[in-house]
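Subject: Structure handover

Hello,

My notes on it come after.

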Amino acid sequence: MAQRVHRTCSLCEAMCGLTFEVEGDRVVGVRPDEDDVLSHGFVCPKGMAIPAVQDDPDRLRTPMRRTAAGSFEPISWEEAFALAAERLLAIRKQHGSDALGIYVGNPIVHNHGALTIRAGLMNALGTKNAFSAGSQDTSPRFASSYHLYGSSFSIPVPDVDRTDYFLCIGANPYVSNGSFLTAPNMRARMRAIVARGGKTVIVDPRNTETAKDSSEYIAIRPGTDAAFQLALVQVLVEHRRIDRDWIARETTGWDAIERRLGAFTPEGVAAHTGIDAATTRRIALEFADAKTAAAYSRIGVCNSEFGTLATWATDVLNVAGGRLGAVGGSMFPTPAMDTAPVLERTKADGHARWHSRVRGLPETLGDLPAAVLAEEMATQGSGQIRGFITFAGNPALSVPNGRRVSRALSNLDFMVSIDLYVNETTRHADVILPPAWGLADDHTDIVFSNVSVRNVARWSPPVVPQGENEKADWEILLELTRRLGGGPTGNAVLDLGFKIGGVFGLKWTPELMADIMLRSGTYGDKFLPWSNGLSVKKLREHPHGIDLGPMEVGIQHRIRHKDRRAHLAPVPLLEALDDYTEKVRDVPNPDELLLIGRRELRTCNSWMHNVPALVAGRDRCVLYVHPDDAARAGVRDGEDALLESRVHTGSLRVQVTEEVRPGVVSLPHGWGHAAAAPWQRVAGEHPGVSINDWTDDERTETVVGQSILNGVPVRLHPATAHETAAAS
Ligand code: SF4
């Protein structure tokens with residue numbers, strides 16, 4: 001008889017509850033958990049596809065070593081660990097710590113085991129050459145929060161369940177299911193805003209799935225979100241709609257911003273943003289007049305040329321409108337496991353504490369911008385990356401100028417990948433260490449309770465037993481860390497404590513770390529046996545999770561600056577603002593064509609395309625082109641065309657649609673699987689093309705140096721058969 005196991009989905013930030021039906025070590029069914037305290041029965045197609053990953057015959061089950069012929073052969077765990085450690089240590093001995101580099105993919109943020117060992121691994125590596133998916137799309141948010149509130153993880157979240165006016169910029173929550181906004185079923189939540197008499201406004205260069213279902217859609221030119229938002233602030237100032245008492249009490253630096261707003265009148269930025277001044281003025285006053293209102297921006301904004309400035313401007317708008325920390329506004333959660341103090345203790349948090357060797361771009365939250373990855377591998381000299389680790393990441397598809405990244409990976413002295421698959425990146429690895437699929441381990445969300453619309457806590461048990469020859473990802477990272485001479489915490493005293501404690505049975509585990517965070521946190525039992533507070537043990541008794549209430553009013557509980565005030569005018573942002581003031585006057589070239597990305601419901605970044613149900617149906621990897629631009633370029637719907645950027649010219653299929661504004665073309669990310677076709681047979685039959693073949697690693701955002709993935713200048717040409725063959 002099948003057993004039921006309740007578990008949180010760990011694929012995206014929504015943290016939906018799932019109920020698995022299990023027979024022995026096999027998942028025989030999955031369905032939404034109607035009793036889950038946060039998702040209440042919501043689930044998306046990716047969550048329902050989890051058993052297909054478990055059963056995927058192409059998923060690696062044993063360590064692999066690359067052969068001289070470029071294929072892979074199975075080896076034992078001992079052989080794999082020994083080879084990886086020997087080669088990495090040899091590179092470090094000969095060339096120094098910075099000759100080692102690491103790229104960590106997005107799945108780590110959904111994996112408490114890997115997250116809790118990360119500091120130990122980084123300490124053991126001792127390199128400044130760390131990169132992550134976050135340094136591809138989130139550094140502007142981290143840097144803004146770090147400067148504004150004193151912690152990269154003090155992130156305000158729109159109180160969508162209580163707001164009357166939701167201004168959503170550069171985000172598509174119907175498809176993303178929320179990004180730094182953990183709120184499963186955003187469709188229902190946004191419809192509820194309208195149903196209670198409120199309004200939802202989407203600002204985006206594309207009339208997205210979310211925009212089509214919203215009260216109003218505003219088509220903005222890519223990369224101009226900062227100007228639009230600052231113009232909204234300027235209108236609030238002009239109409240004396242600012243709560244100056246609150247600002248004086250809770251913040252510093254307002255005057256420095258106000259002095260600079262003269263350059264951002266709605267009329268002055270209209271040509272730049274493509275939004276007429278009357279619309280900007282109307283939206284500003286609607287935002288001010290609504291009983292409650294929240295402004296929110298995300299990846300479309302982060303990934304643009306002025307991404308940090310635009311992210312910061314969202315928070316400034318919320319401050320100006322009296323919406324920061326107010327019910328129905330942009331509020332701070334009170335997480336059961338608070339990431340901010342852990343980052344402080346491990347000295348992981350910060351911005352611009354060191355810079356990349358070749359181009360001098362700054363780190364953010366310990367990671368260098370992934371845009372410099374290829375040049376740090378390819379440029380000779382001291383500190384050149386020669387040995388590389390990837391963890392659940394696919395930089396060949398997710399980093400700009402992916403073909404250059406791929407060439408750089410192929411020229412490394414040694415590469416080890418911890419990954420479920422041979423993919424476009426791990427095909428270059430010398431050794432692949434495949435973890436057990438996450439269903440075989442406990443799960444809890446450390447990161448996303450920090451950005452959840454409702455404070456909740458959950459602990460999920462394993463769904464299936466771990467196989468005899470399987471290891472959890474954290475076990476693999478722990479073993480690598482130890483063989484590189486480090487310990488699990490990265491703190492010499494604590495690591496020694498665990499070593500000595502091991503004699504008496506005290507073992508470092510992710511569960512122990514999570515339990516300490518939980519018990520010492522706001523809702524924790526503080527290790528008092530008589531307390532009713534939270535612990536892992538208590539969460540285990542509540543398989544659908546525990547609801548801890550709505551977000552708290554005020555901002556001081558999430559401010560880490562000593563004065564407990566939001567610092568609105570940090571130097572890097574003011575400098576960026578001054579630079580930008582010149583640029584908002586530029587008149588856009590009427591012939592410009594800017595490439596933007598696109599997220600899809602059935603795509604999980606660059607993976608899960610090997611699941612048949614997620615690639616079935618029409619070809620989704622097509623370039624959206626506005627009819628005016630298609631006519632001008634001479635390309636036709638359903639036919640191939642040539643897309644040209646500074647770094648690549650390649651063929652792709654065109655879909656002519658008014659969904660994008662004129663001057664904008666859009667391609668989804670995460671595709672381009674031709675190179676991995678021998679190892680991922682389903683994905684290989686639906687390869688698509690990678691948008692990051694066209695994005696440019698030389699063009700970076702102004703404050704954090706992150707790749708510009710939205711607003712890439714391109715040209716479009718008709719493809720003759722000869723040109724198509726030559727470009728592919
Ligand atoms: S929305 Fe995200 S968390 Fe929910 S089922 Fe889908 S992938 Fe999983």
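The notes below go through the ligand shell, the domains, several strands and helices, and a few loop residues.

This is a predicted model, in which local features need pLDDT of at least 70 and side-chain atom pairs count only at pLDDT 80 or more, while totals for chains, interfaces and linings use all residues. Residues are numbered from 1 along each chain as its sequence is written.

Ligand shell

The residues around the ligand are Cys9, Leu11, Cys12, Ala14, Met15, Cys16, Val43, Cys44, Lys46, Gly47, Asn177 and Pro184. By class, the shell has nine nonpolar residues, two polar and one charged. Here Ala, Val, Leu, Ile, Met, Phe, Trp, Tyr, Cys and Pro count as nonpolar, Asp, Glu, Lys and Arg as charged, and the others, Gly among them, as polar.

Domains

The domain assignment of the chain gives domain 1 (1-55), domain 2 (140-335 + 554-581) and domain 3 (589-727); such bounds come from an automatic or database assignment. Between domain 2 and domain 3, the C-alpha centres are 29 Å apart. Helices (H or I, at least four residues) and strands (E, at least two) are DSSP runs, numbered from the N terminus.

Helix α6 is mostly covered, with 11 of its 11 residues buried. A residue is buried if 20 or more other C-beta atoms lie within 10 Å of its own, exposed if 12 or fewer, and partly exposed in between, with C-beta atoms placed from the backbone. Among the buried residues of α6 are Arg141, Phe142, His147 and Tyr149. Just after α6, Gly150 has a positive phi of about 90 degrees. Gly150 is 414 residues from Arg564 in sequence, yet the C-alpha to C-alpha distance is 9.0 Å. Arg564 is in the loop between β21 (546-550) and β22 (566-567). With 14 other C-beta atoms within 10 Å, Arg564 is partly exposed. Neighbours within four places in sequence aside, Arg564 is in contact with Gln556 and Ile559.

Strand β6 (residues 100-104) is largely enclosed by the rest of the structure, because five of its five residues are buried. Leu100, Ile102 and Val104 lie on one side and Gly101 and Tyr103 on the other, so both faces are covered. Two strands pair if DSSP finds at least two bridges between them. β6 pairs in the parallel sense with β17 (residues 387-391) over five bridges, and Val104 stands opposite Phe391 there. β6 also runs parallel to β7 (residues 130-132), joined by three bridges, where the partner of Ile102 is Ala130.

The seven-stranded sheet

Another sheet is open and mixed in its pairing, with seven strands in the order β28-β23-β27-β24-β26-β25-β29. At its edges stand β28 (712-713) and β29 (715-718), each with a single partner strand, so one side of each has no neighbour in the sheet. Within this sheet, β25 (residues 640-644) and β26 (residues 649-656) run antiparallel and are joined by five bridges. Ala641 stands opposite Leu652 in β26.

Helix α23

In helix α23 (residues 510-520), the buried residues are Pro510, Met513, Ala514, Asp515, Met517, Leu518 and Arg519. Their cover includes α4, α17 (339-345), α21 (473-483) and α24 (536-540).

Positive phi

His40 is in the loop between β3 (26-32) and α1 (45-48) and is partly exposed, with 16 C-beta neighbours inside 10 Å. Arg240 is in the loop between α10 (225-238) and α11 (244-250) and is exposed, with 8 other C-beta atoms within 10 Å.

Regards

How values were computed: A residue is near a molecule or strand if its C-beta atom, placed from the backbone, lies within 6 Å of it. Two residues are in contact if their C-beta atoms, placed from the backbone, lie within 7 Å.
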